[in-house]
Amino acid sequence: MNARRLIPVPALTGMTDNYIWLLADSGGRALIVDPGDAAPVVDTLQGERLTPAAILLTHHHPDHVGGVGALIERYPGMEVIAPHDARIVAASRHVLDGEQVYFATPQADFEVIAVPGHTASHIAYFGAGVLFAGDTLFSVGCGRLFEGTPAQMLASLDRLAALPGDTLLCCGHEYTVANCAFALGVDADNVDLQQRSAQAKALRARSEATLPVSLAQERATNPFLRVDAPALREACGAALGAEPARDRVARFAWLRQLKDEYRAAQQ
Ligand code: ZN
Ligand code: FE
């Protein structure tokens, strides 16, 4: 795509810190990803003089689909692409793992990747050098396991982490600063993580997004992509004992559980 532009639109701020992503071309046509709310999307489309081309949805949660109805009403006939899930009633096309989704304008070709874990039918879209990961992979974190097992989520994250390192990760929430604080508790000596934490804090202090971020950087800093790294093996071994910590699914499950408890303690 020529001179494409990625625009994170902050939405539902204060409650969930969602990002709705717009991918626009130089001709002013834009894809809309996970519009949890319609108003900020309409504002941004108007402010940037963009015409909406289609909506891509990663999963059924209201903070990702809540604005779809109002957007279709305002822009009738717009295609809405979604996973196979009866809970997403507004979809005009349901896509499966491995399916290609092509748009003529803006010119973009996406591959659908099934990533169960956060929800059973969660999908990600990979194309145009960009990964729309919804609530599966966050910067320096991952989604909570509402409908999947640790083994499923780990397999999903493995697939995303295997994409090219220069892929730009666009995820559904601005959680990076809190994620770095947690990650430093289990991976304290990771210099890349220390730098990411400082950078994220500086960006947020200026009310700027910490996203998108490259997958290469995520592989270096995200503890959920680093369950095989010596530091994470050691931290898990210290908590669970050497024998259980030999199993990478067990390490992932331990880390996800620790994060859930950490979050609960913050609230
Ligand atoms: Zn979600
Ligand atoms: Fe979400």
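Predicted model: local features only at pLDDT ≥ 70, side-chain atom pairs only at ≥ 80, totals over all residues.
Helices (H or I, at least four residues) and strands (E, at least two) are DSSP runs, numbered from the N terminus. Two strands pair if DSSP finds at least two bridges between them. Val-9 has Ile-20 of S2 as its bridge partner. Residues are numbered from 1 along each chain as its sequence is written. Local features need pLDDT of at least 70, side-chain atom pairs count only at pLDDT 80 or more, and totals for chains, interfaces and linings use all residues.

S2 also pairs with strand S3 (residues 29–33), in the antiparallel sense, over 4 bridges. Ala-24 stands opposite Ala-30 in S3. The hairpin of S2 and S3 has 4 residues between the strands, and Gly-28 there takes a positive phi near 85 degrees.

S2 (residues 18–24) is largely enclosed by the rest of the structure, because 7 of its 7 residues are buried. Buried means under 20% relative accessible area, exposed over 50%, partly exposed in between (1.4 Å probe, protein chains only). Both faces of S2 are covered. Asn-18, Ile-20, Leu-22 and Ala-24 are buried on one side, Tyr-19, Trp-21 and Leu-23 on the other.

The open sheet holds 6 strands in the order S1-S2-S3-S4-S5-S6, with mixed pairing. S1 and strand S6 (93–95) are the edge strands, each pairing on one side only. Strand S5 (residues 79–83) pairs with S6 in the parallel sense over 3 bridges. Here Ala-82 stands opposite His-94.

Note on methods: Chains lettered and ligands numbered in written order. Heavy atoms only, no water.
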